Amino acid sequence: MVSVTPVNALLREAMVQAMVPGADFRAAAAVLEDASAAITSAASIPAAANQITALAAAQPEMSPLSRILVDLRNNWTEAALTAWSEQLAATISEAPATAYATWHTALADAVAEFRFDLAVRIATVPVPSEGDGPAPEMLANWAKCADSERWREARPLLEHLANQATRNLARARVLTILAEIDAVVRADHDSARVACEMAAQLAPGDWRCTFVRGRIAAETNDIQEAERCFQLAAEAAPTIATIRAEWARLRARLGDVDGAQMILARAADCHHHPTETIAAELELYQYPDLFAAGAERIAALVERTRLLADLPEHANAAMVRAAKAFEANRELDMAHRWYCRAEELAPQWIGPSLGHGYLFLTENRLDEARARFMHVLRLAPEAVDGHWALANLAAETCEWDLLLSSARRTLTLAPEWRDAVASLLRGAAETMLGNSDDVAAARSFYDEVRGTLGAEYEGRYRNLLGHLAYRDGDFAAAAEEYRRAIAAAESRPDARFHGNLALALEQVHNIGGSGDDVLAEAIAETRHAMEIDPNEADYHTYLWRLETRQSYIARYGRAATGLLPEASRLRLRIDRSLVGALVEAEAEGIGRLNATFTRRMESFRRKIVETCLFNLCFVELRDNGTDRTEPGFWALEVGGAEVEAGHAVVSATGDELMDIFEAAILRQLPLFVGHAEAHQIAGKLSVEATTPQALGMLARAAREILSRDGGISLSEHSAKLREALDVVAAARFAGRAEDDIERIVIATAPDGPDPEAVFEALQGAVHTATGVVLPRIARRTDTSVAPAGWSIETEPPVLRPAPSPGLPPEEQIEAALIAAADRMLGAVALRWQLERVRAAEPDLVTAVQAEMDDAALLERLRDLLRRGHSILNLRHALEHLVLGSPPPAKIRASHTSFENGYIPVRADQAAEAAPSRDMAGWSA
């Protein structure tokens, strides 16, 4: 028991204070009498202080008597500590062992009651240390850490007291605090359970052991056990606010805010540590519904905490919780104000600066965040929170050295944070990959991360090295690193490593120099990735793409992967006599568009946007090369098909030519409205065209308006355009499936041509002329064929070649294959070519596939080929089918049609009919 003399003087002073505000004298006297009893009967100074706090908390919320009792508690505590210290000092010289034990018991009592402020005072009393235990000043430093909730640094104090406390109850209570730190702060649940069971043996039936079991269960997500323990603890200690506070936090964490409020409402009579339930209630205001209904109560709760707080730090913590409530509800100005108030109230506490720094970090106010985090480290150099905060800041600012040093310090101070540190470093490594052009610096950083995280990081380390090589275009080296990553992660396979290897192998195969076994390995790795992570959609995309490529190459040959659809939408083709007005030479055979062309085109594009609501597509300017045209000739092509042509004066200036070309483009402008342009128009209308079919309807309507009115105006045409979006798309057209020609068999005489030997040249010529990719050719020698003769044996027959005197057999075969292009077009090749178009115009391809199935699309494209149109510009061919664009360009080949056969053109006539091999082109 603690006795302080004279107590009556303090009580009289409190009574005088109570009379000044006009309080009920008799009620105040009764309360002060209870306070006197608490002082004279308590087993320890902290216990007496707690009882007086409970009396203060029992008063009405804004009662002046609460403040008077808190003042009484603080004054009495100061006097009691002084008297106790004097008594202890008197016994040190006579009985040092007894004094040492008394000192430890008092220290343990203060810690058991969570009065770390008193523990600091007790620890500073000079007593002789015994054995190898820590010096009193070290214990005082640890107690200061606990008082500011720096539990990790305070843990040695608790371990020491758990060994030194002489009373079982005090020792048990210290062990329960130690168990809470292990469970909540260090996430070491096994150590927490051990400490809790030791406490239960020392103090059977103590509510704290049951309560801590509940906290351990809550941290391990055993919700049912946690609630059972909290309920038992609340029944055993109905006046302890801490129990209800943690129980309410558990309900809130589960999303049951109403349940949390009900638990806190039942805690109204819990007057021991009353600020705990206030803290829990403040935390609930982070939830939007409660915040919206009662945010104005936050200030009153903070003031209530300030009145009842043992120390300014408790009020400080309430202000931080208020700031977090406003921060969670995006009222950031108020959050900043509360953080500032907390920083001013207790500048020695790290909590406010830490929270304020993180708020600045979320706002990308990096200098202010840095200042707060550095302040935290100046206050507490060994506080892991400051180093971790600085590591997070460094990851945002790409300060790699600072990130590494802060992360390493965090690991040293908090080894159990390894997963979080590893995650931050992995994320930073990925960020560095995208943000740094210095490969050596990136490699050095990865090496440092690997050194920090050890063997567990080897797989990710190799994966990152693979990324570096992939980014540099060294796909073979990337594949090797991905293989090493897979090997390092053998015990815990990572689907991403297999997927990355598949991508690298795909690129190795794409650039040539490798066999089909590389493509097969890529497919196998993709399948392995899908086995590990079947829900990742990317792997299904990879597999489809790789298998499509595999089947395409098997049927059409490796060289066919380089036969791509033409991409031009708008081309100006001019005779070489006009080139000088729009192109300036830079070197022999090389030129670039001059300032006149670029200036006029930029102005013209702005005009189109203003008057038509969409951006004009790229304009390609190409000279005619060696094609024979008259001087001054020009032509406008849409998707490779000539739609307008004319002649200009050879001496025309660049501006005069641009006047002609702009007028021609405006006349043909409706043809350049496709799905991409419809997207832009929909954006101007502030509507969303949800499907590619709807975009197609909008494009058709825009073309009609442009043809009629020459422009599109929101005020004049928005209603018409919106109507187009409501049109219901027609039913999907189904075609009749036909088998592809898998291989072209050509029979020749033994001395006849060998088309198999010149297959790639034939394939390229047919593709250039028609846009069709030929399947592989197989030669069959047949003695029954006439000398130097040949015959295509594809079933069904595709051609009955006419006599062609004077033309080499290889050229005859080329002409025959071009003439039969409609039958040569196959589904596998079309699927391959469609993916090339999809990369640039995904909505167009989706719209086509929504209107017709693959067989129907194949039929329609074959029909175009039969009618003599090339599908080399496949994009334009598709627009022709779904938007009614002009038919594609005619096939330009070295033959002319005649009845049922083909009469080849003589070699000396081919120059006029064949596409030029000597053209220059520029895009704007």
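Between which two helices does the loop that holds A187 lie? A187 sits between α9 (168-185) and α10 (189-202), where helices are DSSP runs of H or I with at least four residues, numbered from the N terminus. Before going further, note that this is a predicted model, in which local features need pLDDT of at least 70, side-chain atom pairs count only at pLDDT 80 or more, and totals for chains, interfaces and linings use all residues. Residues are numbered from 1 along each chain as its sequence is written, and side-chain values use heavy atoms, leaving out hydrogens and water.

Back to A187: its phi is near 55°, a positive value in a residue other than glycine. N364 also has a positive phi, near 65°, and is not glycine either. The loop that holds N364 runs between α20 (350-362) and α21 (366-379). N364 is exposed, since its relative accessible area is 53% and the cut-off for exposed is over 50% (buried is under 20%, partly exposed in between, with a 1.4 Å probe and protein chains only).

Now to the rings. The whole structure holds 13 aromatic pairs; Phe, Tyr and Trp rings (for Trp, the six-membered one) pair if their centres lie within 6.5 Å, and planes under 30 degrees apart are stacked, over 60 edge-to-face, and the rest tilted. W400 and F445 have ring centres 5.2 Å apart and planes at 55°, so they are a tilted pair. Because W400 belongs to α23 (residues 400-413) and F445 to α25 (residues 439-453), the pair ties together parts 45 residues apart in sequence. Both W400 and F445 are buried. Elsewhere, W207, F211 and F230 make up one aromatic cluster.
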